[in-house]
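I opened a new notebook page for this structure.

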Number of protein chains: 2
Amino acid sequence: MSDLSHDARTGTVVARIPTSTPEEVRDVVARAAAAAPAVAAATPAERRLWLVAVADAVQDSPAAAELVRVADRETALGEARLTSELVRCADQLRFYGDVGVEASYLRVTVDHATDTTPDLRRMQVPLGPVAVLGASNFPFAFGALGNDTGSAIAAGCPVVAKAHPAHPQTSALLATVATTALADAGAPEGAFGLVAGFEAGEALVRSPEVAAVAFTGSQRGGLAVWRQAIERDVVIPVYAEMGTVNPVVMTAAAAARTEEIAAGFVGSFTLGAGQFCTKPGLLLAPAGYDVPARVAAALQSARPTGWLLTEGISSAYGSGVAELVGAGAEVLGRVPGPAEGWSADATVLVVAAADLKPGSRLLEECFGPVALVAEYADQHELTEVLEALQGALAASVMSAGAEDPETPHLVGVLAPLVGRVAVDDWPTGVAFTWAQQHGGPWPATTFPSATSVGAAALDRFTRPVTWQSAPASALPPALQEDNPWRLPRRVDGELMT
Amino acid sequence: MSDLSHDARTGTVVARIPTSTPEEVRDVVARAAAAAPAVAAATPAERRLWLVAVADAVQDSPAAAELVRVADRETALGEARLTSELVRCADQLRFYGDVGVEASYLRVTVDHATDTTPDLRRMQVPLGPVAVLGASNFPFAFGALGNDTGSAIAAGCPVVAKAHPAHPQTSALLATVATTALADAGAPEGAFGLVAGFEAGEALVRSPEVAAVAFTGSQRGGLAVWRQAIERDVVIPVYAEMGTVNPVVMTAAAAARTEEIAAGFVGSFTLGAGQFCTKPGLLLAPAGYDVPARVAAALQSARPTGWLLTEGISSAYGSGVAELVGAGAEVLGRVPGPAEGWSADATVLVVAAADLKPGSRLLEECFGPVALVAEYADQHELTEVLEALQGALAASVMSAGAEDPETPHLVGVLAPLVGRVAVDDWPTGVAFTWAQQHGGPWPATTFPSATSVGAAALDRFTRPVTWQSAPASALPPALQEDNPWRLPRRVDGELMT
């Protein structure tokens, strides 16, 4: 059995990558389980060294060039985009290493004994082997060595990644680079492993040794993985980050800059051939400013073209656009994609706000370069539409600037629906910083309290344990009285940095 | 339809408490949903005032006396225990209010814009109405006004509690006291509500407006609630804290104090008629010191007696003990309970370590005053038993003191299995402090990263949201640049207290 590596620009098979047999999956998982105590026992600084070694290795010239070449052939995302994504991937690995070393994620809390309470010391401990089912659309930043892998290793968990069928050769190359770099850096064998193939992915999620799953992809795929996990004897957390319609609301005063907003909207929803999980799928614009037509004009003027990642995505895109039309949307503009390969027509649809009802297909994601524009007559109609929306990863308000009186209210209404609300920024673009939140209410994710990007991404792979009245010899270094690792701690209720 | 209030000491019905109709459940939930924005928008200091008002009200003399009287009749836990539990309940409410005001739970994180990243500001926001399905065994501390209710309100969420069928009249009284106190303190109507009856509980969990569930009770009950929640259109988190066999391991050197340990073990497993979720259900003792017989002797000498909470618990206890015997355990000592009511025979069973295999009934909880003692021949046999254990809330090591060379290894082996590992303390007794962890790996809980006691209990009822490039007017006070609430924050990666 093989994963087929295709050239997305032509649709032809360029390589066959063997998938993992059940025995191979068991073997990779067993190695991860065997490595787990050593990965957990390593200091955050040691784990940062490993991550830096992987980061350096993927950025090393021959490897980087080969990775970009292979990934570009498999994804057609373009060398420029992939080159910068590879830098991001490496920088992310370093960032998670730094977050681990800063060590607030351990949440060390010490309560000395009192007359009525015992000595209690609490910290986060690693969960154990993590299965990473990466994204199609970011082979580097959200792939086998993406945010999930970086944050899991930083938090002390071995990772078994599954190769993505949209870029199996890239995945295998990344794994080779990582495995070599980790070995050279002295990481335990099994700290990182890769399996390939659909059945291997399911076997991975069902493996008793696997303690958590991180998934990035479609709602259908994410919920399938979540169902596998809740059928286990020991249910494990599935952090599935799934695609959503990320709404953008334009205030009335923002109509003064419709041209700029229309161009920005087109740029955002066609970025990466519309294959961003934060793609703005719906623009809600005040009626009376001809916004739909101006978005269509902006599309014609930008003439974005590109390929989708796989034949499956390409065919789902075609039927998805047809479903949106069937549900009442009307094609307002279309730019045909390239003649060959898995190309996609960039498409703007217009829809009546009254048709945006709870449960409508119009309010579900269509992966690819398509977006809806709807005009709202007044605040009442806008509120009705916003109440119909599903949970989403992100939302934006496009305003007339900092003094726009509508912004506070709209931000307040959108925040409960999303993980991130932006003002005068497009939802695409997810910086990896301390304050980032890449997640959101069900069904944007299966775990609304988690983030898959940013410093808090480590939290997903730990759980708290409290040591009660334990002698110094039985305490982990992080909990010892003299604080040998010099960690930020809370002692007797007081935060100490 | 009514919940029947029984006198546990006689088994007779002493009152009938009407259960909620479907319309009444809808009404209570609708009021909670209507209150949610105001509860969320209140400052932590305002919410602390509400919680203090409730705490003061339950401790107010006539109310306190009536609560203890009614609860003692329904639970037979005794006035002394219930009087101190009521104080604990009130102190917990105050504690969660204080934790809210300290406000680290908001995890305010501010990243100023850089050349490559936008201004990002992240904080935790309340989830919305929380359903609280409290415990049978602690009518006050884990009941309608227990840890779950206190931490949910402190975190900004309205609560709808379900009356427990083991103490419906106590639940109703608590709700009346709380509702009056909250109204007097100026809390929004709907900040707290109560429903009664089995069907009402299920309707509550399935209500679209309910955003999270906190449950304390049996594994069977907790998993049933969890299943209801994962069948919803919008799946919500269920924080179910369920009963477990909390293992106690005695080191070889600790044999020198077998008598003290035997007496302590009996005291711990018969506390509250063995109805603690942290009851030590299994003592693993070194062979050759006659520990089982000495535990049996300690039981005869202590002669603990008491009643179980309900007829159902009483009958499950009888069949549970029979199942343990059927699975290979042998009765080594038994102290008959009182002749009348839902009494229970306190029982010590001995079992061969070799019979403690994964999946055995011997490794599942039996709620009530029963515990197993098993002797291990050597470290190898001990390790095999420990590897067979399910996840648990707590575990203890009984040692020969701080210098016992076995302690560090045993603590290290037990920590991955539990939420809390104690040394020379019994697992019963769960202080509510900053460093407490009351939770544990599946199936001890459905949510191993959560705690239902201690400062981190608030975390269960919030999720993060990031504001990106938002003008000051659209930011919540906690995120504003001048930090008007003087909160601990992380700014540009640096922790500031």
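**Ground rules.** I am working with a predicted model, where local features need pLDDT of at least 70, side-chain atom pairs count only at pLDDT 80 or more, and totals for chains, interfaces and linings use all residues. Residues are numbered from 1 along each chain as its sequence is written, while chains are lettered from A and ligands numbered from 1 in the order in which they are written.

**Helix 2 of chain A.** I took helices (H or I, at least four residues) and strands (E, at least two) as DSSP runs, numbered from the N terminus. Helix 2 covers residues 44–59 of chain A. I checked its length. Its 16 residues should span 22 Å at 1.5 Å a residue, and its end C-alpha atoms are 22 Å apart, so the two agree. The expected span is 1.5 Å times one less than the number of residues.

Next I looked for buried residues (20 or more other C-beta atoms within 10 Å of a residue's own, C-beta atoms being placed from the backbone). Among those in helix 2 of chain A are A:Arg47, A:Trp50, A:Leu51 and A:Val54. I noted the general rule that an α-helix has 3.6 residues a turn, so residues three or four places apart point the same way. What covers these buried residues? The cover includes helix 3, helix 4, helix 5 and helix 6 of chain A.

**Strand 8 of chain A.** I found 6 of its 6 residues buried. A:Ala212, A:Ala214 and A:Thr216 lie on one side, and A:Val213, A:Phe215 and A:Gly217 on the other.

I then looked up its partners; strands pair if DSSP finds at least two bridges between them. Strand 5 of chain A runs parallel to strand 8, with 4 bridges. There A:Leu133 stands opposite A:Phe215. Strand 9 of chain A also pairs with strand 8 in the parallel sense, over 5 bridges. A:Met242 is the bridge partner of A:Gly217. From strand 8 the chain crosses through helix 8 of chain A to strand 9, and this β-α-β crossover is right-handed. That term means a clockwise path from the first strand over the helix to the second, with the strands pointing away from the viewer.

**Chain A against chain B.** I counted residues in contact (C-beta atoms, placed from the backbone, within 7 Å). Chain B gives 52 residues and chain A gives 52 residues. Strand 17 of chain B gives the most to its side, with 6 residues. Strand 17 of chain A is joined to strand 16 of chain B by 3 bridges, and the two run parallel. A:Thr466 stands opposite B:Arg420.

How values were computed: Two residues are in contact if their C-beta atoms, placed from the backbone, lie within 7 Å. A residue is buried if 20 or more other C-beta atoms lie within 10 Å of its own, exposed if 12 or fewer, and partly exposed in between; C-beta atoms are placed from the backbone.
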